[in-house]
Amino acid sequence: MSSKPRFPGFVNAHSHSFQRLIRGKSESRVTSGRDFWSWRGTMYHAAANLDPEDVYDVARMAFLEMLLSGTTTVGEFHYLHNRPDGKPYDDPNLLSKQIIAAAQSVGIRLVLLRSAYLRAGFELPPDPGQIRFYETAEQFLANMEALRKQYPELLIGVAPHSLRAVPLAPLKEIAGWARQQKLPVHMHVAEQVAENEACLREYGATPVALLDREGLLGPDFTAVHAIHVTREEIDALAKAKATICSCPTTERNLGDGILAADEVMRAGIPVALGSDSQAQIDPLEDARQLDYHLRLEQEQRAILDQIAGQPLAQRLLDCATINGARALGVNPDPATDFFTVDPDDVSIAGHSESDLLSLAVFTLNRSAICDVMVGGQWVVRDHRHPLQEEIVSRYQELHRRLWSGSQ
Ligand SMILES: [Zn+2]
């Protein structure tokens, strides 16, 4: 048995932990319809029925799976705020605190991207499926302030959900506050064509063009998805030094479309990765899909190789590590944030030093990941997390309760 190679811990820059509950429940047109918009019905069913303890349990389950897949930092884009009847809890940050506690319990580094969700969309009445998400801009900012006061050490970012959910005027107010506080800003942008069309109707511009026009892009801004963007919009993101967070395993699951990673990377935009809907939690699968999706489109191989002189595997590893860290405003040290792999695992056995990185990026199976360290603490040893049985069994009970009698 040879010594175990080490890799830097992955950074998951975009997660909605509670959506782990709909894995496997949304793969039928009968129950979840044919597109992203109908899929949301299944997602809203899960969101509507969780009590605070459930939010904690599902977050622990998602974070556990992330650790076991080599992720040491997660940006949790959290928009579940209210009671099931739509009213705030006595402590309006109660569910944010459940996420914080879940991350502490499993030992993953959390950047809480607390989300502002103010409306259903342009010219749309409030959606009953979203009543647990809604706050006013004033409430959002007050809740952010309170959270920061109560958790001075908390790594936090500001996440206006989308232009659909946050109109321009409050968006400017929220982004202005975030800039003042020097916090990262994350936003869903150009995931769906219909969303772009609604933005065009409301403001006369598509999302990235509008954000550019209003001076809202910047090095602190991360555009999540950025699939349906024009050449000019790519240039605007590059000029602003913004990051794009791509979520290929979710985007392919939802039929969102394909990020033009070649154009984006050639323009110099850093691409981070996120597990988003948790359809699959496997950062290397996200990384390799950036190139694989383009291969299928362009009928060529290794499309992203040698952009700016960088070899493909290193470029994809950067997407799963340092680019995500940049998007979240953190800087984990690979000496204390890393995972080890078993060189005898069948997915990577038989390699040489020079091809290890390519092999890992393109074929490493999660089963090869042995030990995970976060901030100098071992959290996974020999493929096991010390709380694994308890976390999984509580999650299984929640899953049974949530789905009993339905679908
Ligand atoms: Zn998302």
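Cys-247 has its closest cysteine sulfur in Cys-245, 4.3 Å away, and that is too far for a bond. A disulfide is a covalent bond between the sulfur atoms of two cysteines, and the cut-off used here is 2.5 Å between the sulfurs. This is a predicted model, and a search of the whole structure turns up zero disulfides. Cys-247 itself is buried, at 0% relative accessibility. Cys-370 counts as buried too, at 4%.

| Residue | Relative accessibility |
|---|---|
| Cys-247 | 0% |
| Gln-278 | 0% |
| Asn-93 | 2% |
| Cys-370 | 4% |
| Asn-143 | 9% |
| Arg-40 | 12% |

Let's take the polar ones in turn. Gln-278 sits in the loop that runs between strand S9 (271–273) and helix H12 (283–298). Its relative accessibility is 0%, so Gln-278 counts as buried. What does the side chain of Gln-278 make a polar contact with? The partner is the side chain of Ser-275, at 2.7 Å. Setting aside residues up to four places away in sequence, Gln-278 also touches Ser-15, His-16, Ser-17, Gln-19, Arg-20, Arg-23, Met-66 and Thr-250.

Asn-93 lies in the loop between strand S3 (71–78) and helix H4 (94–106), while Asn-143 belongs to helix H5 (residues 137–150). Both are buried: Asn-93 has a relative accessible area of 2%, and Asn-143 has 9%. Leaving out residues up to four places away in sequence, Asn-93 touches Arg-114, Asn-143, Ala-146 and Leu-147. Asn-143 and Asp-91 are 52 residues apart along the chain, and their C-alpha atoms are separated by 9.2 Å.

Arg-40 is a charged name on the buried list. Its place is in helix H2, and at 12% relative accessibility Arg-40 counts as buried. Apart from neighbours within four places in sequence, Arg-40 is in contact with Tyr-117, Asp-127, Gln-130 and Arg-164. Arg-40 and Ile-99, 59 residues apart in sequence, have their C-alpha atoms 22 Å apart in space.

On to the helices. In helix H7 (residues 193–203), the buried residues are Glu-195, Asn-196, Ala-198, Cys-199 and Tyr-203. Looking down the axis of H7, these buried residues fall within an arc of 160 degrees, so they line one face of the helix. What do the buried residues of H7 pack against? They meet helix H2 (36–48), helix H6 (168–181), strand S6 (185–189) and helix H8 (207–213). After H7 comes Gly-204, with a positive phi near 75 degrees.

H12 comes up again in a helix pair. Two packed helices are described by the angle between their axes and the distance between the axes. H12 and helix H13 (residues 312–320) pack at an angle of about 125 degrees, with their axes 7 Å apart. H12 and H13 are therefore oblique to each other. On the H12 side, the contact is made by Ala-287, Arg-288, Leu-290, Asp-291 and Arg-295. H13 contributes Leu-312, Leu-316 and Cys-319.

Notes
Residues are numbered from 1 along each chain as its sequence is written. This is a predicted model: local features need pLDDT of at least 70, side-chain atom pairs count only at pLDDT 80 or more; totals for chains, interfaces and linings use all residues. Side-chain values use heavy atoms; hydrogens and water are left out. Buried means under 20% relative accessible area, exposed over 50%, partly exposed in between (1.4 Å probe, protein chains only). Helices (H or I, at least four residues) and strands (E, at least two) are DSSP runs, numbered from the N terminus. The arc is that of the directions from the helix axis to the C-beta atoms. Contact means heavy atoms within 4.5 Å. A polar contact is a pair of N or O atoms within 3.5 Å; within protein, one must be able to donate a hydrogen and the other to accept it, and residues adjacent in sequence count only if both atoms are side-chain atoms. Axes are lines fitted to C-alpha atoms, for helices over the stretch in contact, and angles run from 0 to 180 degrees between N-to-C directions. Angles under 35 degrees count as roughly parallel, over 145 as roughly antiparallel, 65 to 115 as roughly perpendicular and the rest as oblique.
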